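User: I would like to go through this structure with you. Could we begin with the charged pairs?

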Amino acid sequence: MRKDINTMKIVTKFGIYILLVVMMAGCGAEGENTGLEYAPQMYHSVPYEPLKQIRERDAGGWLSSLDDGVGEFYNSNPNNPYASNMRMPPLNTVRRNSDNYIMYGGAEERDQPVFLPYRLPFDSLEYAARVLKNPLDSTDAVVGQGQVLYAQYCQPCHGGNGQGDGPVGVVYKGVPAYNKGTYRDMTGGHIFHVITWGKGRMNPHGSQVSIEDRWKIVRYVQVLQKQ
């Protein structure tokens, strides 16, 4: 009896050793052999072309939540003529085309400009003056809003008519008149860049005035240039 018990202990220990060896061997990875992995779908992504549907039925499967067992990445929207695989965009996402205008239901509305972050650095005034274009038309509404903003941010130095005779401009000499000399020919891009980054003794206003409001001020300053 005691001999049988000892034999069982030896066999059990030997079996445990064999099992450990097999488990250790399974954990090894070499070449294309990934070894044993726990939940591989957690860290091995299914490769597919971004923003494009995969139409092969054997491409997915393990993420399937459909009754027919078809993978989630298979033909997620068969009615989409562009074969797009995008999900519903997050709330407040702004859709835009290459001209940076909002798209509503596929119909382009040219009166709805999209204001992207301004990326030109401080030392790009010449480039901004040559390239930047005002996305806002010079309508009465835009110019009127620009006048209100001008009175709030610019008039203390530049004066009500852009003559550089505001209460601050009287004390700190050298504020130019918009309708004289080279200032009369400043482009909208030049004005916008200076409002954003400042120039000379003028401090930057990019952190105080939104991009849209800066462009509105530009429209009003261009009115003062012609006076």
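User: How many salt bridges does the count come to?

Analyst: The count comes to one salt bridge in this predicted model.

User: Which residue forms a salt bridge with K216, and how far apart are the closest N and O atoms?

Analyst: The partner of K216 is E212, and their closest N and O atoms are 3.6 Å apart.

User: And how are K216 and E212 placed in helix α7?

Analyst: They are four residues apart in helix α7, which means that about one helical turn separates K216 from E212.

User: Staying with that helix, at what angle do α3 and α7 pack?

Analyst: Helix α3, residues 140-153, packs with helix α7, residues 211-225, at an angle of about 95°, and their axes are 7 Å apart. The range of 65 to 115 degrees counts as roughly perpendicular, and α3 and α7 are therefore roughly perpendicular to each other.

User: Which residues make the contact?

Analyst: From α3 the contact involves V142, V143, Q145, G146, Q147, L149, Y150 and Y153. From α7 it involves D213, K216, I217, R219, Y220, V221, V223 and L224. By class, the contact of α3 with α7 has 10 nonpolar, three polar and three charged residues.

User: Changing topic, which residues form a nonpolar patch on the surface?

Analyst: That patch is formed by I16, Y17, L19, L20 and M23, which together have about 520 Å² of accessible area.

User: Where is L19 placed?

Analyst: L19 lies in helix α1, which covers residues 2-27.

Terms used:
Residues numbered from 1 in each chain as written. Predicted model: local features only at pLDDT ≥ 70, side-chain atom pairs only at ≥ 80, totals over all residues. Heavy atoms only, no water. Patch = residues over 30% accessible without salt bridge, like charges linked within 9 Å, V, L, I, M, F, W, Y side chains within 5 Å. Areas by Shrake-Rupley, 256 points an atom, 1.4 Å probe, with all protein chains shown as cover. Salt bridge = Lys/Arg side-chain N within 4 Å of Asp/Glu carboxyl O. Helix = DSSP H or I, 4+ residues; strand = E, 2+ residues; numbered from the N terminus. Axes fitted to C-alpha atoms, helices over the stretch in contact; angles between N-to-C directions. Parallel < 35°, antiparallel > 145°, perpendicular 65-115°, else oblique. Contact = heavy atoms within 4.5 Å. Nonpolar A, V, L, I, M, F, W, Y, C, P; charged D, E, K, R; others polar.
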